[in-house]
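Dear colleague,

I am handing over the structure below, together with some notes on what turned up in it. Please read the notes with the structure open beside them.

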Amino acid sequence: MKDYIFINGGFKKDVPSLEEVVIIQDVPHFANQAKPDEINDFVNSVTHVNIYKYTTQYINTRIYHHQQNINKNYLRKIRTMEKIEHSTITTNGINMHVASIGTGPAILFLHGFPELWISWRHQMLSLSSLGYRCIAPDLRGYGDTDAPPSPASYTALHVVGDLVGLLDHLGIEQVLLVGHDWGAAMAWYLCLLRPDRVKALVNLGVVFIHRNPHVKFFDERFKTLMGDDFYICRFQEEIGEIDQELGSVDTATVLKIFHTSFDTTPLIIPKGGLGLLKLVEPLPSWLSQDYINYCANKFNQKGFTGGVNYYRALNLNWELLAPWTESQIKVPTKFISGDKDSTYCFLGGKEYIESGEFKKDVPSLQEVVIIEGVGHYINQARPEEITTHIYEFINKY
């Protein structure tokens, strides 16, 4: 039977409407009696729509360990994903795609590179069930949101303007704010420029980078330190070469490369060598093919230029933020990072935190959490742990 299902494709040929095969590990023949709760959940979920809202060309095959509640939680998430609402709003001169679910105090989730709103799916589902209104846009340049062509359109002022316009459109005076990666950077800037719109902040992975009036965010010293082929240095190139390289490699492969990087080893992209980078095998369990396929479908439409433009605007941000030199973040804040995250390991995060400079720049910093054994994509790699950290903090506000 195993060969019939998996090897020769006979099962699918005979049952062309077959959508999912579930293999529950370590359970013998009488599964309905041995695991009644799990089987009931599977039966109750047969009408669910595909979690990522796109047509797959393969059968979803899931192998379940019979640990307590794993099946229940997974199926509950599938059913709840269908309740996420999608809309497009006009803000700051662009059309922005917004995913939302739940009612109650509003949480605004900001994704990073190269991600989309869906990177927050775990937190959105869990926190909406706890009485929160969870909102996650595709930031400008990403997914179903407009992507202006010029790198000059991706400054902190532009993105903060987008977010303020989003809140105004939704009639939300203040939000609980959660960011990761570039979403974390923009969350810092929203708190810096419009602290009146933020109740509290939970940021992941990227510490606040205060503006040094004597040193630009990106300069030749950084390039000398990290090398010309370090990804941030490559992303400073004018639109053209790096964009073509990113577009010349299978999009799903590019996403896998980035989602398994940004750890203790610097991500080096030699010119013309992106396709030669080795993928991590096997992929981490949290990085599902469904997620990669959904994101690849969106990046196939727009490419990666919008996301790279945030890096290209680094020094323009430095210029525009001159009036806020030495300004502090005074919003109540919790910061979370993995101890294997590149921004913590070798981009100065650890020293900045431990020296006390972080607390000086963010005087309302209340908690710093460093989670062992996890890298950059912490909200997806440790979804339940991160959700708990977020909830415990925002519940105070």
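Which residues in α6 meet which residues in α20? In this model, which is a predicted one, His-122, Gln-123, Ser-126 and Leu-127 are the residues of α6 that meet Pro-383, Ile-386, Thr-387, Ile-390 and Tyr-391 of α20. Helix α6 covers residues 121-128 and helix α20 covers residues 383-394, and their axes come within 9 Å of each other while crossing at roughly 50°. The two helices, α6 and α20, are therefore oblique to each other, and their crossing is right-handed.

Asp-162 has a relative accessibility of 0%, and because buried means under 20%, Asp-162 counts as buried. The side chain of Asp-162 is joined to that of Arg-140 by a polar contact of 2.6 Å. When neighbours within four places in sequence are left aside, Asp-162 is in contact with Thr-91, Asn-92, Ile-94 and Met-96, as well as with Arg-140.

The structure holds zero disulfides, a disulfide being in general a covalent bond between the sulfur atoms of two cysteines. As for individual cysteines, Cys-295 has 0% relative accessibility and so counts as buried, whereas Cys-345, at 28% relative accessibility, counts as partly exposed.

Note on methods
Residues are numbered from 1 along each chain as its sequence is written. This is a predicted model: local features need pLDDT of at least 70, side-chain atom pairs count only at pLDDT 80 or more; totals for chains, interfaces and linings use all residues. Side-chain values use heavy atoms; hydrogens and water are left out. A disulfide is a pair of cysteine sulfur atoms within 2.5 Å. Buried means under 20% relative accessible area, exposed over 50%, partly exposed in between (1.4 Å probe, protein chains only). A polar contact is a pair of N or O atoms within 3.5 Å; within protein, one must be able to donate a hydrogen and the other to accept it, and residues adjacent in sequence count only if both atoms are side-chain atoms. Contact means heavy atoms within 4.5 Å. Axes are lines fitted to C-alpha atoms, for helices over the stretch in contact, and angles run from 0 to 180 degrees between N-to-C directions. Helices (H or I, at least four residues) and strands (E, at least two) are DSSP runs, numbered from the N terminus. Angles under 35 degrees count as roughly parallel, over 145 as roughly antiparallel, 65 to 115 as roughly perpendicular and the rest as oblique. A crossing is left-handed if the near helix is turned anticlockwise from the far one by less than a right angle, and right-handed if clockwise.
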